[in-house]
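Here is a short briefing on a protein and the DNA beside it. Have the chain letters at hand as you read.

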Number of protein chains: 2
Amino acid sequence: MEKTDALNAFSALGQDTRLEVFRLLVKAGAEGMAAGEIAGALDVRQNTLSNNLSILLAAGLVRNEREGRSVRYFADFDGVRGLLAFLMEDCCAGKPELCQPVLDQIACAC
Amino acid sequence: MEKTDALNAFSALGQDTRLEVFRLLVKAGAEGMAAGEIAGALDVRQNTLSNNLSILLAAGLVRNEREGRSVRYFADFDGVRGLLAFLMEDCCAGKPELCQPVLDQIACAC
DNA sequence: TCCATATTTCATGAAATATGGAATTGATTG
DNA sequence: CAATCAATTCCATATTTCATGAAATATGGA
């Protein structure tokens, strides 16, 4: 991952509507959600949402797929993975015990 | 973690200088770096850096500690942990295989 | 083709953010 | 206490970002 990609991703998530959208899609999982559903769930105008979705898309955080008249969006877990890897690059520098707890905690209680 | 904290953290990392600073501190690990060292390493002015450090500080991504005339900064791994946990909240929803790879990747090859 | 639904694109004004210069606070040394 | 080094705060300017409304595009059904 390039620094530019990471910047795009972080600033994409650093905005209220987009963070909500992304977390919603994380919860939706493999089923994803149509743009209209997202707009309804979050009470955001279509054009505003569309613009924010395109920013998340460009940042590699979501994918989309046309489905008839609708466009269905999905959280892109690979994108998050790359982002975290970039952020924590060389974190260990001889001290694995520093970063390991960070990873353990996230072991999302599924 | 509250949504506001997550927004602050993501938008803190969504800016060139701050992302560089944070990654530098991640690499520095437990030793941390003095503000002046960081400014020198990244070729950023004192006041600009100071401002950016205070934003990272408020976002819970770094900690600091006065050391004589200098102020030493450290990456706050707990902050990152909380941020990721928030982002991936309820990611599993019956499909652990979706999010697990995200976490595995971060198992930084130390 | 005509129409309704779903989404995207574009231009605009308002608000937020980044940067640099100058002044200021805090800590150490002589 | 004066001089100096380290970092922060204050302020003005330039830039970027954001939500909005209007218009455009795309799909599916009658």
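The model is predicted. Chain A has 6 helices and 3 strands. Around DNA strand C there are 21 residues, and H4(B) gives the most to that surface.

**Chain A as a whole**

- Read from the N terminus, the elements of chain A follow the order α-α-β-α-α-β-β-α-α.
- Chain A has 110 residues, and 44% of them count as buried.
- The accessible surface of chain A is about 5500 Å². Carbon and sulfur atoms make up 44% of that surface.
- Take the contacts in chain A between residues at least 6 apart in sequence: 54% of them join residues at least 24 apart.

**The sheet in chain A**

- The 3 strands form an open sheet in the order S1-S3-S2, and the pairing is antiparallel.
- Strand S1 (33-34) and strand S2 (62-67) of chain A are at the edges. Each has a single partner strand, so one side of each has no neighbour in the sheet.
- S1(A) pairs with S3(A) over 2 bridges, in the antiparallel sense.
- Ala34(A) has Arg72(A) in S3(A) as its bridge partner.

**Strand pairs in chain B**

- Strand S1 (residues 33-34) of chain B runs antiparallel to strand S3 (residues 70-75) of chain B, and 2 bridges join them.
- Opposite Met33(B) stands Tyr73(B), in S3(B).
- Strand S2 (residues 62-67) of chain B also pairs with S3(B): 6 bridges join these antiparallel strands.
- Arg66(B) has Val71(B) in S3(B) as its bridge partner.
- A hairpin is formed by S2(B) and S3(B), with 2 residues between them. Gly68(B) lies in the turn and has a positive phi of about 65°.

- Asn52(A) sits in helix H4 of chain A.
- Is Asn52(A) buried or exposed? Its relative accessibility is 5%, so Asn52(A) counts as buried. The cut-off for buried is under 20%.
- Leaving out residues up to four places away in sequence, Asn52(A) touches Gln15(A), Thr17(A) and Arg18(A).
- With Arg18(A), the side chain of Asn52(A) makes a polar contact, side chain to side chain, at 2.9 Å.

**The surface near DNA strand C**

- Which residues come nearest to DNA strand C? They are Gly36(A), Gln46(A), Tyr73(A), Arg18(B) and Asn47(B).
- Both chains take part. From chain A, helix H3 (35-42), helix H4 (46-58) and strand S3 (70-75) each supply at least two residues of this surface.
- How many residues does H4(B) give? It gives 5 residues.
- By class, this surface has 11 polar, 5 nonpolar and 5 charged residues.

- Consider the atoms of DNA strand C within 4 Å of the protein: 64% belong to sugar or phosphate. The rest belong to bases.
- Side chains of chain B lie beside phosphate oxygens of DNA strand C. For Arg18(B), an N or O atom in the side chain is 2.7 Å from a phosphate oxygen.
- For Arg45(B), the distance from a side-chain N or O atom to a phosphate oxygen of DNA strand C is 2.9 Å.
- For Thr48(B), the distance from a side-chain N or O atom to a phosphate oxygen of DNA strand C is 3.4 Å.

Notes. Residues numbered from 1 in each chain as written. Chains lettered and ligands numbered in written order. Predicted model: local features only at pLDDT ≥ 70, side-chain atom pairs only at ≥ 80, totals over all residues. Heavy atoms only, no water. Near = heavy atom within 4 Å. Polar contact = N/O pair within 3.5 Å; in protein donor to acceptor, adjacent residues only side chain to side chain. Helix = DSSP H or I, 4+ residues; strand = E, 2+ residues; numbered from the N terminus. Nonpolar A, V, L, I, M, F, W, Y, C, P; charged D, E, K, R; others polar. Buried < 20%, exposed > 50% of the residue type's maximum accessible area, 1.4 Å probe, protein only. Contact = heavy atoms within 4.5 Å. Areas by Shrake-Rupley, 256 points an atom, 1.4 Å probe, with all protein chains shown as cover. Pairing = 2+ DSSP bridges.
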